[in-house]
Amino acid sequence: MGQVIQRCVGPASLSLLTFRVYAAPKKDSPHKNYTKVDELSLYSVPEGQSKYVEEPRTQLEENFSQLRHHCEPYTSWCQEIYSHTKPKVERFVQWGIDNYEYLQNAPPGFFPRLGVIGFAGFVGLLFARGSKLKKLVYPPFFMGLGASVYYPQQAITFAQVSGEKLYDWGLQGYIIAEDLWKQHFQKPGNVKNSPGNK
């Protein structure tokens, strides 16, 4: 088709260099008629119209589709529960890791104090034999007494805060009970006629 005008011969290290190569058509070659791309049989369009036909679904595919349709509300419910509980679980795991690290590097005297506080709770459990209410009240009370011996400043702060909360709860309970009493016993129809009101 063309003749190379320039040729390069050199050592192998020169083969990595880039060279321009010029080619020219032969002067004595006749002019050829080229075939157009549309005329090639490779690019010809088939005569008939093609139509996509979907294969019929098998019984197994139909069963899986029904199963997925029936399970969709449950899976969405599970995803919602997972999205709500994941942060709580992560916080709980982080709390456990923090406590583990604290216990690994505990201050001196921490474990004996912890033992005394735990023993006080066990003593409270022994004193609470027979009653379920005592089992709920005595062990935390004895543990609180044991902790207040070793941590008096924190015990005072805790007592103040819990005392204020208990007072608020008691006041709210009193207000609710008073409102219920007034609604139930002081209705306008429940007023008895006195003998003078005839």
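Predicted model: local features only at pLDDT ≥ 70, side-chain atom pairs only at ≥ 80, totals over all residues.
Buried here means under 20% relative accessible area, exposed means over 50%, and partly exposed is anything in between, using a 1.4 Å probe and protein chains only.

Residues are numbered from 1 along each chain as its sequence is written, and side-chain values use heavy atoms, with hydrogens and water left out.

**The whole chain**

Start with a cartoon view. You will find 4 helices and 2 strands in the protein chain; these are DSSP runs numbered from the N terminus, with helices being H or I of at least four residues and strands E of at least two. Following the sequence, the order is β-β-α-α-α-α. Now colour by accessibility: of the 198 residues, 5% are buried.

**Arg 57 and Glu 62**

Select Arg 57 and Glu 62 and show their side chains. They meet in a salt bridge, at 3.9 Å from N to O. The term asks for a side-chain nitrogen of Lys or Arg within 4 Å of a carboxyl oxygen of Asp or Glu. Arg 57 is partly exposed because its relative accessible area is 48%, and Glu 62 is partly exposed too, at 29%.

How many disulfides does the structure hold? The count is 0, where a disulfide is a pair of cysteine sulfur atoms within 2.5 Å. For Cys 71, the nearest cysteine sulfur belongs to Cys 78 and is 9.9 Å away. Seen from Cys 78, the nearest cysteine sulfur is that of Cys 71. Cys 71 has a relative accessible area of 32%, so it counts as partly exposed; Cys 78, at 43%, is partly exposed as well.

**A nonpolar patch**

Switch to a surface view and select Val 89, Phe 92, Val 93, Trp 95 and Ile 97. Together they form a nonpolar surface patch with about 530 Å² of accessible area. Patches take residues with over 30% relative accessible area and no salt bridge, joining like charges within 9 Å and nonpolar side chains (Val, Leu, Ile, Met, Phe, Trp, Tyr) within 5 Å. The areas come from the Shrake-Rupley method with a 1.4 Å probe, and for residues only the protein chains shown count as cover. One member, Val 93, sits in helix H1, which covers residues 59–104. Val 93 is partly exposed, with 43% relative accessibility.

**Residues 110–128**

In the model, the span is 95% helix and 0% strand, and its end C-alpha atoms lie 27 Å apart.

**The aromatic cluster**

Show the rings of Phe 127, Tyr 138, Phe 141 and Phe 142, which form one aromatic cluster. Rings of Phe, Tyr and Trp (its six-membered ring) pair if their centres lie within 6.5 Å; planes under 30 degrees apart count as stacked, over 60 as edge-to-face and the rest as tilted. The structure holds 6 aromatic pairs. Why is the pair of Phe 141 and Phe 142 edge-to-face? Their planes stand at 90°, with the ring centres 6.0 Å apart. Phe 141 is partly exposed at 48% relative accessibility, and Phe 142 is partly exposed at 21%.

Move on to Leu 145, in helix H3 (residues 132–150). Leu 145 is partly exposed, at 42% relative accessibility.

**Glu 178 and Lys 182**

Finish in helix H4, residues 152–185, where Glu 178 and Lys 182 are 4 residues apart and so separated by about one helical turn. They form a salt bridge, with the closest N and O atoms 3.9 Å apart. Glu 178 is partly exposed at 30% relative accessibility, as is Lys 182 at 42%.
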